[in-house]
Amino acid sequence: QVQLEESGGGLVQAGGSLRLSCAASGITFTITAMGWYRQAPGKQREFVSTITRDSSTNYADSVKGRFAISRDNPKNTVYLQMNSLKPEDTAVYYCNVKGRGPFRRYDYWGQGTQVTVSS
């Protein structure tokens, strides 16, 4: 059974930093991408950043230059370093893992971790 364990969320003042981690276990397929999405109160879930197995990265315009994604392939872990945080970054952050097997594709979500940025 695939499980995604997220950690690192919390309360921080504007301008501060947080580092999110997501460790995937029970993986029996090839992970093709790991990433982060977020959902603020009253809004739809939105893309934040992804990183592929060969470390190609992609960022939402709103976080470019402030957030950095990285991964540890042997540990099936993805990290999101968030710097210069703004109140508008306040949201529940969800880890996402995408993968492929011989007959199907996989798409898993974590439970989410709260990030609150105070002004």
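I counted five salt bridges, taking a side-chain nitrogen of Lys or Arg within 4 Å of a carboxyl oxygen of Asp or Glu. The model is predicted: local features need pLDDT of at least 70, side-chain atom pairs count only at pLDDT 80 or more, and totals for chains, interfaces and linings use all residues. Residues are numbered from 1 along each chain as its sequence is written, and side-chain values use heavy atoms, with hydrogens and water left out.

**Asp-89.** I looked up its partners. Asp-89 and Arg-38 meet through their side chains at 3.0 Å, N to O. Asp-89 sits in the loop between β8 (77–82) and β9 (91–100) and Arg-38 in strand β4 (residues 30–39), so this pair ties together parts 51 residues apart in sequence. Strands here are DSSP runs of E, at least two residues, numbered from the N terminus. Arg-66 also bridges to Asp-89, at 2.7 Å, N to O. Arg-66 lies in the loop between β6 (57–59) and β7 (67–72), 23 residues from Asp-89.

**Burial.** I checked relative accessible area (buried under 20%, exposed over 50%, partly exposed in between; 1.4 Å probe, protein chains only). Asp-89 is buried at 1%. Arg-66 is buried at 11%. Arg-38 is buried too.

**Lys-98 and Asp-107.** I found this salt bridge at 3.9 Å, N to O. Lys-98 is partly exposed at 29%, and Asp-107 is partly exposed at 43%. Elsewhere, salt bridges with shared partners join Arg-38, Glu-46, Arg-66 and Asp-89 into one network.

**Whole chain.** I noted 11 strands and zero helices. Of the 119 residues, 42% count as buried.

Key. Helix = DSSP H or I, 4+ residues; strand = E, 2+ residues; numbered from the N terminus.
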